[in-house]
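Please look over the model below before reading on.

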Amino acid sequence: MKTEGRDMFGSRLSAVLAMAGSAIGLGNIWRFPYMVGQYGGAAFIVLYLVFALLLSMPIFLSESIIGRTAHKGTFGAMRALAPGSKWHYVGFITVISPIVLISYYSVVGGWSLHYFTESLIHGFSMEKSGLFQAFTSNGTGPVVCHSLFLLLCIYIVSVGVKDGIERFNKYVMPVLFVLMVVIMTYSLSLTGSMNGVRYLLEPDFGKLNATAVAAAMGQSFFSLSLGVGTILTYSSYLHSKENILSSGIGTAAFDLLFALIAGFAVMPAVFAAGIEPGAGPGLVFDTIPYIFAKMGQDMPLVSRMVSILFFLSLLVAAVTSAISMLEVGVAFLVEEKGMGRRKACAVIFGITWIVGVLCAVGPAVFNTLDHLVSDYLMAFGGLLFTLFVGWKMKKETVRKDFTNGGSRNNRIFGVVYFLIKYVAPIGIAAIFITNLVL
Ligand code: PHE
């Protein structure tokens, strides 16, 4: 299906699967479980839900409205919708953000690739604890894995929106879901796993300090892929007759469900193995292999199989997210610079490969870029998109897109518009400033 010669997603389900593919990623499997543990269990989940509803959903819908109304990527959409203004220059930042993001995300994708092959070829053993340290301290392995991961992702993007991105997501997302449910079921069946369930579910409101509040907002943006133009770009491939409210809710629901499943797959196993759960970011790459090694002493075959499934899931989840980041820059070069898709892919690959290599060998570069994107650029982009829809676009244009010309969602439009125009920008700005001051 094409509009003005552009590739389009074939159906709403394909679009939701592609958006869910973008949303469900390392953020769900790697970040969410340790954040819930660190910041008060169910209390953090409640806060996360509030932010998802009041801030993330309005940003998601704003990105969808901009992309779908203009049928163009970030920069082009802002120029088309606000001609003669300077908005597209600001919009340019959201072309840069995902390029920065993919550079270090691809390094973590590379780690996942390494762990997947490790689980496949050698398995994890107690003698090899400290594997992560050993792997990352020598630059060659991480650089090779980052390169392979990035090559795989850019190849999928180069095939096209429909034949590459859509088709890949359509097949692998359901598989990913089944894999994670299998792993969760296994994890919950382990002796001692219920302590992990309790850890995730018992609300500890005492831990909800200002840092936890900012972390819940940041995690909610990161997890839904907001503020960096990916949802905007994917929405530009969404047909005008589709219901953006239901694709937004569908994506957010899949994303949350997946985060919870990942939490219940990881934490019960951590407790069953008798490990302290406060491992933080090292949870997936340090603690989990240790758990597989420990389990492998009693049940080598089962442990081996589950470890393969786990790291395959992590890898697949990372790929479907990474391709959505790459598409933003590729769409920009194709639409604004008139490049062919393959050439655009080669340029984006070149840039992100070089920055990624710096991240793979220099932890300081990695941490700085991660901090820059997840703590500042995402919130900044989110603020920008809501302001654009709420204050720059004409209300009638917004209404027309959101309600598909008045044929649906009419009653809820007022609430959504209020959230986009006032609640989300004020909320984001308030948390952002508190964060800077603290
Ligand atoms: N949502 C992805 C994850 O959870 C990360 C991501 C952020 C993807 C921004 C695209 C854009 O891992």
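**Notes on the model**

1. Helix 18 is the main contributor to a nonpolar surface patch, giving three residues. The patch consists of L387, W391, F418, Y422 and I426, with about 520 Å² of accessible area together. Helix 16 (363-392) and helix 18 each supply at least two of its residues. W391 sits in helix 16. Nonpolar side chains (Val, Leu, Ile, Met, Phe, Trp, Tyr) are joined within 5 Å, and like charges within 9 Å. Areas follow the Shrake-Rupley method with a 1.4 Å probe, and for residues only the protein chains shown count as cover.

2. This is a predicted model: local features need pLDDT of at least 70, side-chain atom pairs count only at pLDDT 80 or more, and totals for chains, interfaces and linings use all residues. Residues are numbered from 1 along each chain as its sequence is written, and side-chain values use heavy atoms, with hydrogens and water left out.

3. The protein has 18 helices and two strands. These are DSSP runs numbered from the N terminus (helices: H or I, at least four residues; strands: E, at least two). The radius of gyration, taken over C-alpha atoms, is 21 Å, close to the 22 Å from the globule rule (2.2 Å times the number of residues to the power 0.38) for 438 residues, so the protein is as compact as a globular protein of that length. Its C-alpha atoms fill a box of roughly 65 × 50 × 40 Å along the principal axes.

4. Of the 438 residues, 59% are buried. Buried means under 20% relative accessible area, exposed over 50%, and partly exposed in between (1.4 Å probe, protein chains only). The protein exposes about 17,000 Å², and carbon and sulfur atoms supply 68% of that.

5. Now the loop between helix 17 (395-402) and helix 18 (410-437), where T403 is found. T403 is buried, at 1% relative accessible area. Neighbours within four places in sequence aside, T403 is in contact (heavy atoms within 4.5 Å) with R408, N409, N410 and F413.

6. N409 lies in the loop between helix 17 and helix 18 too. N409 is not a glycine, yet has a positive phi of about 55°. Most residues other than glycine have a negative phi. N409 is buried, at 17%.

7. H71 also has a positive phi, about 50°, without being a glycine. H71 is in the loop between helix 3 (42-70) and helix 4 (74-81). H71 counts as buried at 8% relative accessibility.

Notes. Patch = residues over 30% accessible without salt bridge, like charges linked within 9 Å, V, L, I, M, F, W, Y side chains within 5 Å. Salt bridge = Lys/Arg side-chain N within 4 Å of Asp/Glu carboxyl O.
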